[in-house]
Amino acid sequence: MLPKQTLQITVQVPWIEVEQAQEKAVLELQKGFETEGFRKGKAPVVVVKEKIGQQRLLEEGAQELLMDVYRDLLKKHAIKPYIDPKVDLLKAPLNGEWEIRFTVALQPKLTKVPDYKAAAVKVRGEEKKDDIWVPGKEPKKEEENEKHSKTDDRLQKILDLVMKETALEISDLIIDHELNRRLASLHDEIAKLGMTVDQYLRARQETQDSLRAKIKKEVVDLYTLEFLLDAIAQEEKIEIGESELEAIYAQAKNEKDKQAMKQNAYFYSRLVRKQKTLDYLASL
């Protein structure tokens with residue numbers, strides 16, 4: 001077990017299992033294989049092997065082997081990965097034993113949940129200081145928009161306080177996966193604007209390193225907040241009723257959309273639960 005909810009396992013695979021994986025891969029390729037003199041999927045295995053060549057046979061077999069070994073590892077050790085693993089083929093000699101290393105990211109884990117109620121009390125105390133009347137200060141009626149703004153401001157201050165004290169163990173694999181996904185999306189957006197990445201960075205007064213550091217912090221903060229809100233919801237027993245979900249489904253434009261929303265009930269449940277938790281924090 002590595003730090004930050006990361007697991008690393010190295011396995012040795014005898015050559016006979018590599019060969020078995022190759023045979024399995026060939027049978028899969030055979031189903032859609034087309035070549036002169038044979039109908040699709042009817043070419044003999046020996047012909048398929050000859051046509052695809054030894055290199056591709058090894059590659060296809062390796063992919064099949066990695067999937068099989070990984071599935072067996074998960075089952076044997078009761079591992080629940082959070083994302084796809086990082087796979088390193090350390091040794092792959094022909095006719096010899098292979099050595100494979102799997103690095104697996106487990107679900108992030110909170111190691112410290114701060115006293116969010118104390119944080120709310122502190123923020124409330126600061127608000128009361130601001131509301132103290134002093135000579136020459138005219139009392140002002142609080143409008144509805146101002147109330148919402150004040151509530152939003154209070155919530156942000158509470159979150160700022162608790163986030164500083166929250167500790168989350170999160171695998172670097174998860175951070176890198178999300179970082180690369182966001183960078184790829186950003187590069188696509190930059191290209192649509194007709195700019196190069198360098199032009200974009202200059203316009204934002206950023207460097208590649210500062211951009212990566214900024215996005216990395218955003219990723220860690222996002223995961224920290226998500227898991228913190230889950231922990232608070234669990235502690236305060238904040239649940240979602242069927243009537244609340246039905247109210248969301250009722251917003252669908254038609255029955256097809258409604259059924260699609262019901263298929264994603266878990267997503268909407270989490271969304272509503274998160275909002276209820278934020279409302280709870282703001283109300284403290």
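## Lys51 and helix 2

Lys51 is a residue of helix 2 in this predicted model. With a relative accessibility of 52%, Lys51 counts as exposed, because the exposed class begins over 50%. Apart from residues within four places in sequence, Lys51 is in contact with Phe33 and Thr35. Lys51 and Glu239 are 188 residues apart along the chain, and their C-alpha atoms are separated by 59 Å.

Helix 2 spans residues 45-77 and packs against helix 1, residues 15-32. The axes of helix 1 and helix 2 are 6 Å apart and the packing angle is about 115°. The crossing of helix 1 with helix 2 is right-handed. Sorted by class, the residues in this contact comprise 13 nonpolar, three polar and nine charged.

## Strand 1 and the residue before it

Thr6 belongs to strand 1, which covers residues 6-13. Its relative accessible area is 7%, so Thr6 is buried. The side chain of Thr6 makes a polar contact of 2.8 Å with the side chain of Ser171. Beyond the neighbours within four places in sequence, the residues in contact with Thr6 are Met1, Thr103, Val104, Ser171 and Asp172.

Gln5 is located in the segment before strand 1. Although Gln5 is not a glycine, its phi is positive, at about 55°. Gln5 has a relative accessible area of 12% and is therefore buried.

## Gln205 in a loop

A positive phi is also found at Gln205, a residue other than glycine, where the value is near 55°. Gln205 is placed in the loop between helix 6 (197-203) and helix 7. Is Gln205 buried or exposed? Its relative accessible area is 75%, so Gln205 is exposed.

## Helix 5 against helix 7

Helix 5 (residues 172-192) and helix 7 (residues 208-235) have axes that come within 9 Å and cross at roughly 125°. The crossing of helix 5 with helix 7 is right-handed.

On the helix 5 side, the contact is formed by Ile174, Ile175, Glu178, Leu179, Asn180, Arg182, Leu183 and Leu186. On the helix 7 side, it is formed by Leu211, Arg212, Ile215, Lys216, Glu218, Val219, Val220, Leu222 and Tyr223. By class, there are 11 nonpolar residues, one polar residue and five charged residues in the contact of helix 5 with helix 7.

## Arg154 in helix 4

Arg154 is part of helix 4, residues 144-165. Which accessibility class applies to Arg154? Its relative accessibility is 8%, so Arg154 counts as buried; the class extends to values under 20%. Setting aside neighbours within four places in sequence, Arg154 is in contact with Val123, Arg124, Glu127 and Ala282.

## Helix 8 against helix 9

Helix 8 (residues 242-249) and helix 9 (residues 255-263) cross at roughly 140°, and their axes come within 10 Å. Helix 8 and helix 9 are therefore oblique to each other, because only angles over 145 degrees count as roughly antiparallel. Their crossing is right-handed.

Glu246, Ile248 and Tyr249 of helix 8 make the contact with Lys258, Met261 and Lys262 of helix 9. The class count for the contact of helix 8 with helix 9 is three nonpolar, no polar and three charged residues.

## Lys276 in helix 10

Lys276 is located in helix 10, which runs over residues 265-283. At a relative accessibility of 29%, Lys276 counts as partly exposed, because this class lies between the buried limit of 20% and the exposed limit of 50%. Not counting residues up to four places away in sequence, Lys276 touches Ile238, Glu239, Ile240 and Glu244. Among these contacts is Glu239, the residue whose C-alpha atom is separated by 59 Å from that of Lys51. Lys276 and Ala184 are 92 residues apart in sequence, and the distance between their C-alpha atoms is 33 Å.

Conventions: Residues are numbered from 1 along each chain as its sequence is written. This is a predicted model: local features need pLDDT of at least 70, side-chain atom pairs count only at pLDDT 80 or more; totals for chains, interfaces and linings use all residues. Side-chain values use heavy atoms; hydrogens and water are left out. Axes are lines fitted to C-alpha atoms, for helices over the stretch in contact, and angles run from 0 to 180 degrees between N-to-C directions. Helices (H or I, at least four residues) and strands (E, at least two) are DSSP runs, numbered from the N terminus. Angles under 35 degrees count as roughly parallel, over 145 as roughly antiparallel, 65 to 115 as roughly perpendicular and the rest as oblique. A crossing is left-handed if the near helix is turned anticlockwise from the far one by less than a right angle, and right-handed if clockwise. Contact means heavy atoms within 4.5 Å. Ala, Val, Leu, Ile, Met, Phe, Trp, Tyr, Cys and Pro count as nonpolar, Asp, Glu, Lys and Arg as charged, and the others, Gly among them, as polar. Buried means under 20% relative accessible area, exposed over 50%, partly exposed in between (1.4 Å probe, protein chains only). A polar contact is a pair of N or O atoms within 3.5 Å; within protein, one must be able to donate a hydrogen and the other to accept it, and residues adjacent in sequence count only if both atoms are side-chain atoms.
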